[in-house]
Amino acid sequence: MYGRKRTMNTIPILRMYDVDKTKEFYLNFLDFSLNWEHRFEEAFPLYMQISLHDCRLHLSEHHGDCTSGSAVRIEIDDLTGYHQLLQEKHYTYANPGIEYPPWGGKELTVHDPAGNRLIFYEN
């Protein structure tokens, strides 16, 4: 049966407009790592991959790749510890709190500089 012998991964592509603000948000604030960057030529749009543990995201300046305002849910083992890490950074543009939705678990929601919503959650 298809899919039983292969691992299938999903990597969301999120739109970005300002590379410096995007890197500040994802790398400095959210603690993601930069895996790689690509431009077809020097003045062309940037496409890059970032990761946090097993989560990988692609961020793109390319017009046709995606639309800002997307939402991504990211499962995390220790949401309380991650929240504490973010609080210690005193990031000027976000101060997320932990929420307890009616369906259970807990969530922490942040919006990146392009208006994309990242919902970190723990069941």
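These are my notebook entries on a predicted model.

**Ground rules**

I number residues from 1 along each chain, as its sequence is written.

**Entry 1: the open sheet**

I looked up the strands first. Helices (H or I, at least four residues) and strands (E, at least two) are DSSP runs, numbered from the N terminus. Two strands pair if DSSP finds at least two bridges between them. In what order do the four strands of the open sheet stand? The order is β1-β4-β3-β2, with mixed pairing. β1 (13–15) and β2 (33–38) each have a single partner strand, so one side of each is left without a neighbour in the sheet. From one strand to the next, the twist averages 25°.

I then checked β2 against β3 (residues 47–52). They pair in the antiparallel sense, over five bridges. His-38 faces Tyr-47 of β3 there.

**Entry 2: helix α1**

Which strands does helix α1 touch? Helix α1 (residues 19–29) packs on the sheet and touches β1, β2, β3 and β4 (55–60). Contact here means heavy atoms within 4.5 Å. The direction of α1 makes about 20° with that of β3. For such angles, axes are lines fitted to C-alpha atoms, for helices over the stretch in contact, and angles run from 0 to 180 degrees between N-to-C directions.

**Entry 3: helix α2**

I listed the buried residues of α2 (residues 79–89): Leu-79, Tyr-82, His-83 and Leu-86. Buried means under 20% relative accessible area, exposed over 50%, partly exposed in between (1.4 Å probe, protein chains only). Why do the buried residues of α2 line one face of the helix? Seen down the axis, they fall within an arc of 100°, so they line one face. The arc is that of the directions from the helix axis to the C-beta atoms. These buried residues pack against α1, β3, β6 (98–99), β7 (106–111) and β8 (117–122). His-90 follows α2, and its phi is positive, near 50°.

β6 and β7 run antiparallel, joined by two bridges. Glu-99 stands opposite Glu-107 in β7. Six residues lie between these strands in their hairpin, where Gly-104 takes a positive phi near 105°.

β7 and β8 are antiparallel too, over six bridges. Lys-106 has Glu-122 of β8 as its bridge partner. Leu-108 stands opposite Phe-120. This hairpin has five residues between its strands, and Gly-115 in the turn has a positive phi of about 90°.

How do β5 and β8 pair, parallel or antiparallel? They pair in the parallel sense, over five bridges. Glu-75 has Tyr-121 of β8 as its bridge partner. Five of the six residues of β8 are buried.

**Entry 4: the largest pocket**

I finished with the largest pocket, which holds about 390 Å³ of space. On a 1 Å grid over the protein atoms alone, a pocket is an open set of points where a 1.4 Å probe fits, with protein on both sides within 12 Å along at least five of seven lines. Lining residues have an atom within 4 Å of a point. Grid points are joined across faces, edges and corners, and a volume is the space filled by probe spheres set on the points. Of the 19 lining residues, Leu-52, Asp-54, Cys-55, Ile-74 and Glu-75 are the closest to the centre. β5 (71–75) gives the most to the lining, with four residues.

Methods. Predicted model: local features only at pLDDT ≥ 70, side-chain atom pairs only at ≥ 80, totals over all residues. Heavy atoms only, no water.
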